[in-house]
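The sequence and structure come before the text.

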Amino acid sequence: MADKRTMTLNLTDQEMSLLEELSARKDVSKTALLRQALRLYQMVEARLSRGEKLFFEDEEKKKAELMVV
Amino acid sequence: MKFNSDPEWLKRQAALEDNCFVSVGGLVSAVEDLEEQTQRATASRTAFVSLLNLTRREHKLTWEQFSQKLDVDLAELIEIENDETYKPTPRTVTKIAHFLHVPPEKLFVLSGLARAHDRQFQEAALRFAARSQPVKALSSEEHEALKEYVKFLCER
Amino acid sequence: MKTRVHIIDNISGKPVEAELFDEVTVEHFIETQQEWRPIVLKAARQLAARGSHQLIPQHFHWDWTAKAPELKVLANAFYGVRYENKLQGLMKLETVGQFCTCRLPEQAGKALIYVDYVEVAPWNLKALMSALGEKPRYNVIGSRLIEAAVLRSKEEDCKGRIGLHSLPMTESFYIKACGMTPVGRDPAKQNLLWLEHTPEQADKFLTGAR
């Protein structure tokens with residue numbers, strides 16, 4: 001993998017709790033989780049910029065569009 | 001990454017893998033998908049030939065001069081122009097891309113070497129091909145079309 | 001990343017040193033269309049002509065060039081194996097996405113690396129080469145690619161966990177040669193079989209421990 005660079009990240013208490021909860025659930029480090037989140041954001045952005053739409057589908061197959069800022 | 005270099009591991013994996021089919025990915029889609037892809041590829045190819053033609057005329061070059069500037073075979077350029085089934089070499093397409101200052105992977109799709117994944121890209125190719133006509137002098141509209149299309153290829 | 005890995009040359013029966021790399025480009029995809037696809041199609045036609053429809057490769061008209069836009073997406077990782085100046089195998093992984101979550105009850109919800117596509121060059125596959133009256137050329141390409149997936153999973157802190165949907169004719173490779181656990185058929189993906197590695201299975205596969 002490519003060389004890495006370091007940054008300091010300030011998070012609110014809520015954000016830090018969320019990060020800890022998600023990394024425990026996923027069984028990955030907090031750093032790994034944030035890297036995954038960044039890649040997921042890029043993946044979504046790339047498809048949205050091509051004109052695609054992002055939907056969630058519930059159990060009854062009803063679709064709801066997800067707005068991404 | 002540290003890969004296993006144990007000859008026993010290699011021998012065991014060879015025996016296990018020997019009779020197996022190895023692949024992952026979705027099941028083949030319907031034959032109709034293949035036909036739709038062929039139609040889209042033809043439209044992109046027309047745009048590729050138009051792009052080459054207009055660029056050459058924009059620079060006021062003969063085919064021979066153009067092939068020298070691009071550092072590609074004249075015979076191949078003529079094949080590209082005249083034979084819509086002809087697939088140019090990746091080297092030639094890369095040379096053309098560098099001359100035009102556009103990303104090579106965009107021209108790989110236009111030339112038919114790579115498959116398009118993007119409706120917007122294909123529609124832009126169709127519009128460009130429709131706006132360029134085979135007349136001797138580059139009209140101001142063709143000049144504009146060429147300028148806009150190259151800008152589009154660079155920006156996406 | 002480029003690293004040396006041993007594969008087996010089926011003609012000599014001996015190990016040879018191939019190159020496993022991650023800087024896959026659209027030119028590699030074009031190479032698969034120009035070098036692999038015609039052979040796969042020829043073998044598929046031979047098998048169809050003999051009535052051996054069950055042996056026709058289920059990926060016979062994949063087109064890797066359609067994946068060119070995905071090369072720039074950081075969530076994706078591509079790996080290739082090269083030997084004698086020819087591409088011998090290709091793989092696409094997803095490090096995040098809808099399939100990157102474990103389903104095996106003992107590790108449900110945990111992150112895994114998803115193996116989205118793997119293809120081994122047709123001249124290395126016995127089933128295809130038999131159809132053409134030839135012998136397969138090199139072996140262990142598939143194992144090396146899955147090994148790369150497991151090692152990447154460890155680098156991503158997923159503890160070696162990987163998951164994939166297997167084509168019906170390849171299920172035995174993932175179960176027997178890679179030691180993966182079949183979990184169940186996935187209606188979200190053409191009812192293909194979903195398989196996973198636990199960290200223990202991943203280590204066992206990497207080390208060859210029995």
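The buried residues of helix α5 of chain C pack against α3 (141–155) of chain C. Contact here is taken between residues whose C-beta atoms, placed from the backbone, lie within 7 Å. Helices (H or I, at least four residues) and strands (E, at least two) are DSSP runs, numbered from the N terminus. α5(C) spans residues 199–207, and C:Ala202, C:Phe205 and C:Leu206 are its buried members. These three cover an arc of only 100° around the axis, which puts them on the same side of α5(C); the arc is that of the directions from the helix axis to the C-beta atoms. An α-helix has 3.6 residues a turn, so residues three or four places apart point the same way. After α5(C) comes C:Gly208, with a positive phi near 80°.

A residue is called buried if 20 or more other C-beta atoms lie within 10 Å of its own, exposed if 12 or fewer, and partly exposed in between, with C-beta atoms placed from the backbone. The model is predicted: local features need pLDDT of at least 70 and side-chain atom pairs count only at pLDDT 80 or more, while totals for chains, interfaces and linings use all residues. Residues are numbered from 1 along each chain as its sequence is written, and chains are lettered from A and ligands numbered from 1 in the order in which they are written.

Strand β3 of chain C (residues 76–83) has 7 of its 8 residues buried, so this strand is largely enclosed by the rest of the structure. Two strands pair if DSSP finds at least two bridges between them. The pairings involving chain C are set out below.

| Strands | Sense | Bridges |
|---|---|---|
| β2(C) (residues 15–21) and β3(C) | antiparallel | 3 bridges |
| β3(C) and β4(C) (residues 86–94) | antiparallel | 8 bridges |
| β1(B) and β5(C) (residues 113–120) | antiparallel | 2 bridges |

C:Phe21 stands opposite C:Gly80 in β3(C), and C:Phe78 is opposite C:Lys92 in β4(C). The hairpin of β3(C) and β4(C) has 2 residues between the strands, and C:Glu84 takes a positive phi near 55° there.

C:Leu20 lies in strand β2 of chain C. This residue counts as buried because it has 25 C-beta neighbours inside 10 Å. Apart from neighbours within four places in sequence, C:Leu20 is in contact with C:Thr3, C:Val5, C:Tyr79, C:Val81, C:Arg144 and C:Ala148. C:Arg144 is 124 residues from C:Leu20 in sequence, with 8.3 Å between their C-alpha atoms.

Between chains B and C, 34 residues of chain B are in contact with 48 residues of chain C. On the chain B side, α1 (7–17), β1 (23–24) and α6 (104–110) each supply at least two residues. The largest share, 9 residues, comes from α1(B). By class this side has 18 nonpolar, 8 polar and 8 charged residues. Ala, Val, Leu, Ile, Met, Phe, Trp, Tyr, Cys and Pro count as nonpolar, Asp, Glu, Lys and Arg as charged, and the others, Gly among them, as polar.

The contact between chains A and C takes 13 residues from chain A and 14 residues from chain C. On the chain A side, α1 (13–26) and α2 (30–49) are the elements that give two or more residues, and α2(A) has the largest share, 7 residues. Chain A itself follows the pattern α-α-β-β, and buried residues make up 6% of its 69 residues.

Definitions and conventions:
Contact = placed C-beta atoms within 7 Å.
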